[in-house]
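Please keep the sequence and the model at hand while reading.

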Amino acid sequence: MSKPFIPAEISYPTVWFLDAAFPMIAKTALNLEGVEITDTDRKMLRGLQKKRILYMSNHPSTIEPPVAYYVANAMGSRFHYMASRIVFDWGFGFVGELIKRIGAFSVLSGGADREALKTARSLL
């Protein structure tokens with residue numbers, strides 16, 4: 001772990017590629033057949049598009065973050081994500097490069113991470 005804090009650096013070409021490739025990536029890499037959102041729920045999500053929301057999850061697996069990405073896409077919005085600093089080193093740093101380009105910033109688990117808190121506060 002070289003840098004303690006990694007800020008988000010959104011890259012829209014990366015975001016657009018991931019939007020298009022999500023079904024294939026979800027199926028091959030995550031064994032996820034799809035995410036079902038009813039028309040009523042999609043309409044409700046679209047209604048939240050211009051509001052400030054805080055999406056918090058207690059995810060027991062690695063599947064929930066891609067689902068959160070999908071939900072943001074269904075809203076017609078983009079989220080910023082707070083992700084454990086350890087995740088940024090997965091796959092020799094490839095995962096970190098990808099997630100920071102879609103809006104993730106790091107947080108050090110188990111302690112006070114001033115940079116992560118400052119970033120979260122400025123986003124809210």
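## Terms and basis

A pocket is here an open set of points, on a 1 Å grid over the protein atoms alone, where a 1.4 Å probe fits and protein lies on both sides within 12 Å along at least five of seven lines; its lining residues have an atom within 4 Å of a point. Grid points are joined across faces, edges and corners, and a volume is the space filled by probe spheres set on the points.

This is a predicted model, in which local features need pLDDT of at least 70 and side-chain atom pairs count only at pLDDT 80 or more, whereas totals for chains, interfaces and linings use all residues. Residues are numbered from 1 along each chain as its sequence is written, and side-chain values use heavy atoms, with hydrogens and water left out.

## The largest pocket

The largest pocket holds about 1700 Å³ of space. Its lining consists of 47 residues, and those nearest the centre are Pro65, Ala68, Tyr81, Met82 and Ala83. Two or more lining residues come from each of α1 (12-30), α3 (64-75), β1 (81-84), α4 (94-101), β2 (104-107) and α5 (114-123), where helices (H or I, at least four residues) and strands (E, at least two) are DSSP runs numbered from the N terminus.

The largest share of this lining, seven residues, is given by α1. By class, the lining has 35 nonpolar, eight polar and four charged residues, with Ala, Val, Leu, Ile, Met, Phe, Trp, Tyr, Cys and Pro counted as nonpolar, Asp, Glu, Lys and Arg as charged, and the others, Gly among them, as polar.

## Helix packing around α3

Helix α2 (residues 39-47) and α3 have axes that come within 8 Å and cross at roughly 80°, the axes being lines fitted to C-alpha atoms over the stretch in contact, with angles from 0 to 180 degrees between N-to-C directions. α2 is therefore roughly perpendicular to α3, a class that covers 65 to 115 degrees. Arg42, Leu45 and Arg46 of α2 make the contact (heavy atoms within 4.5 Å) with Tyr70, Val71, Asn73, Ala74 and Met75 of α3.

Methods
Parallel < 35°, antiparallel > 145°, perpendicular 65-115°, else oblique.
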